[in-house]
Amino acid sequence: DRCISVINSMEEWQLQSVFEVLWSMKGAMEKLESEAMPEVKAALASGDLSINAAYDVTRMTPENQREVVERIEQGETPRTVVKEIVKREKDAPPKPETIPTPEPVKESPAHVDEPEPPFPV
């Protein structure tokens, strides 16, 4: 009853905000279910990792995900490991992107007949 009275007292924009958070959490949970390594799921289930931290792991490079799992297996605190690796990834310089080589510019003939402008110059 208390939940219903709280919901009934909310403004539409508040309800929309709650809905957006719930929708976001649903997406995170689906990603965790389909993509998280079993060790990450276990840390989430035991309460050692929050949903957000576990979701952060699924967004890491495969190498960093393996490092998280290895360090958790060695007894390190999951929350600490995830925070450290997320920070390291964030602080890492961006990988250079391959820039396509531009096409050579075609030279135009020296004398090109240009049309007269539609107005006096």
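Leu-15 is in contact with Ile-7 and Met-10, leaving aside its neighbours within four places in sequence. Leu-15 itself lies in helix H2. Its relative accessible area is 35%, so Leu-15 counts as partly exposed. The cut-offs explain the label: buried means under 20%, exposed means over 50%, and partly exposed falls in between. All of this is read from a predicted model.

Now step back to the whole protein. Its secondary structure comes to six helices and zero strands. Read along the sequence, the pattern is α-α-α-α-α-α. The protein has 121 residues, and 17% of them are buried. Its accessible surface comes to about 10,400 Å². Carbon and sulfur atoms hold 57% of that surface. Contacts also reach along the chain. Take the contacts with a separation of 6 or more: residues 24 or more positions apart account for 47% of them.

How do two of these helices meet? Two packed helices are described by the angle between their axes and the distance between the axes. Helix H2 covers residues 12-35, and helix H4 covers residues 51-58. They pack at an angle of about 55 degrees. Their axes are 10 Å apart. That angle makes H2 oblique to H4. The crossing of H2 past H4 is left-handed.

Which residues make this contact? From H2 come Met-25, Ala-28, Met-29, Lys-31, Leu-32 and Glu-35. From H4 come Ile-51, Asn-52, Ala-54, Tyr-55 and Thr-58. By class, the contact of H2 with H4 has seven nonpolar, two polar and two charged residues. Lys-31 and Glu-35, both on the H2 side, belong to the charged class. Asn-52 and Thr-58, both on the H4 side, belong to the polar class.

Gln-65 touches Thr-58, along with Met-37, Val-57 and Met-60, not counting residues up to four places away in sequence. Where does Gln-65 sit? Its place is in helix H5, which covers residues 62-73. Is Gln-65 buried or exposed? Its relative accessibility is 13%, so Gln-65 counts as buried. The cut-off for that label is under 20%.

Technical notes:
Residues are numbered from 1 along each chain as its sequence is written. This is a predicted model: local features need pLDDT of at least 70, side-chain atom pairs count only at pLDDT 80 or more; totals for chains, interfaces and linings use all residues. Side-chain values use heavy atoms; hydrogens and water are left out. Helices (H or I, at least four residues) and strands (E, at least two) are DSSP runs, numbered from the N terminus. Buried means under 20% relative accessible area, exposed over 50%, partly exposed in between (1.4 Å probe, protein chains only). Contact means heavy atoms within 4.5 Å. Accessible areas come from the Shrake-Rupley method with a 1.4 Å probe; for residues, only the protein chains shown count as cover. Axes are lines fitted to C-alpha atoms, for helices over the stretch in contact, and angles run from 0 to 180 degrees between N-to-C directions. Angles under 35 degrees count as roughly parallel, over 145 as roughly antiparallel, 65 to 115 as roughly perpendicular and the rest as oblique. A crossing is left-handed if the near helix is turned anticlockwise from the far one by less than a right angle, and right-handed if clockwise.
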